[in-house]
Amino acid sequence: MAKLLYAFSCSIDGFIAGPGGDMSWLTPFLGPPPVDIIPRIGALLVGRRTYDGDDPHRGGPGEGKAFGGGWEGPQFVLTHRPADPVPGVSFVGDLASAVAAASAAAGEKYVNVLGADVARQCLEAGLLDEVLALPVPVLLGSGVQIFSRVGPAVRLSEVGPCWYRVVP
């Protein structure tokens, strides 16, 4: 059964995007990730702001493609504002349906969660299984935080370098 993984690049001070969702800060650091997660991803669960957002691959051959063209497969966008049909992309209106559809599509692979708000929703619903934080040597100072939530502490257990399992 698929597991939900929130895998992301982040600044050292805890931001996944700069002010206004700017991703240009990440462009100089694009390249093979220190952990080769891409072959282990079976589907993406994406927030609408992330889906519509800035692309660190802008101006290059991977612009508009998941992981700069390094991954292809089904994408499920959690949104209350469906867009025009796009091949391989499903727009889903509620979290439970989006997770179920993405999990079914991923099979035994991971559902990679993209977007801080969707990750927060998955965490609060008890659906997020693992977190992979790939820090980049930048201090952004402000922007979109890795997690922005109010609530009790969430325990994580280390699986490997920068990789954690959410402790129920």
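Let me start with a term: a nonpolar core is a set of buried Ala, Val, Leu, Ile, Met, Phe, Trp, Tyr and Cys residues joined through side-chain atoms within 4.5 Å. Buried here means under 20% relative accessible area, exposed is over 50%, and partly exposed sits in between, with a 1.4 Å probe and protein chains only.

Quick housekeeping. This is a predicted model, where local features need pLDDT of at least 70 and side-chain atom pairs count only at pLDDT 80 or more, while totals for chains, interfaces and linings use all residues. Residues are numbered from 1 along each chain as its sequence is written, and side-chain values use heavy atoms, with hydrogens and water left out.

OK, the cores. The largest nonpolar core has 28 residues, and the ones with the most contacts inside it are Leu4, Tyr6, Phe8, Leu45, Val113, Cys122 and Leu128. Which elements give two or more residues to this core? Those are S1, S3, S4, H2, S6, H3 and S7. The H and S names are DSSP runs numbered from the N terminus: helices are H or I with at least four residues, strands are E with at least two.

Have a look at Cys122. Leaving aside residues up to four places away in sequence, Cys122 touches Leu4, Leu45, Leu95, Val99, Val113, Leu127 and Leu128, where contact means heavy atoms within 4.5 Å. There is also a second, separate core of 15 residues, and Leu5, Ala7, Leu134 and Trp163 are among them. As background, in soluble globular proteins nonpolar side chains tend to be buried together.

Now the sheet. We have an open sheet of eight strands in the order S5-S4-S3-S6-S1-S7-S10-S9, with mixed pairing. Strands pair if DSSP finds at least two bridges between them. At the edges stand S5 (89-92) and S9 (156-160), each with a single partner strand, so one side of each is left without a neighbour in the sheet. On average, neighbouring strands are turned by 30° against each other, direction ignored. For angles, the axes are lines fitted to C-alpha atoms, for helices over the stretch in contact, and values run from 0 to 180 degrees between N-to-C directions.

Follow S1 for a moment. Seven of the nine residues in S1 are buried. S1 runs parallel to S6, joined by four bridges, and Lys3 has Tyr110 as its bridge partner in S6. With S7, S1 pairs in the parallel sense over seven bridges; there, Leu5 is partnered by Glu130.

Over at S3 (residues 41-47), four bridges join that strand to S4 (residues 75-78), again running parallel. Leu45 has Phe76 as its bridge partner in S4. Packing on the sheet is helix H2 (residues 95-106), which touches S1, S3, S4, S5 and S6 (110-114), and the direction of H2 makes about 160° with that of S3.

On to charges. How many salt bridges does the structure hold? Six, counting a side-chain nitrogen of Lys or Arg within 4 Å of a carboxyl oxygen of Asp or Glu.

Glu130 pairs with Lys3, with the closest N and O atoms 3.4 Å apart. That pair links distant parts of the chain: Glu130 is in S7 (residues 130-136) and Lys3 in S1 (residues 3-11), 127 residues apart. Buried or exposed, where does Glu130 fall? Glu130 is buried, at a relative accessible area of 3%, whereas Lys3 is partly exposed at 37%.

Then there's Asp117 with Arg120, a salt bridge at 2.6 Å, N to O. Both lie in helix H3 (residues 116-124), three residues apart, about one turn of the helix. Asp117 is partly exposed at 30% relative accessibility, and Arg120 is on the list of buried residues of H3, together with Ala116, Val118, Ala119, Cys122 and Leu123. Just after H3, Gly126 takes a positive phi of about 75°.

Arg58 and Asp54 also meet in a salt bridge, 2.6 Å from N to O, and Asp54 is partly exposed at 25%.

Last stop: Arg48, Asp52 and Arg81, which are linked in a network of salt bridges. Arg48 sits in helix H1 (residues 48-52) and counts as buried at 13% relative accessibility. The Arg48 side chain also makes a polar contact with the side chain of Thr79, at 3.4 Å. A polar contact is a pair of N or O atoms within 3.5 Å; within protein, one must be able to donate a hydrogen and the other to accept it, and residues adjacent in sequence count only if both atoms are side-chain atoms.
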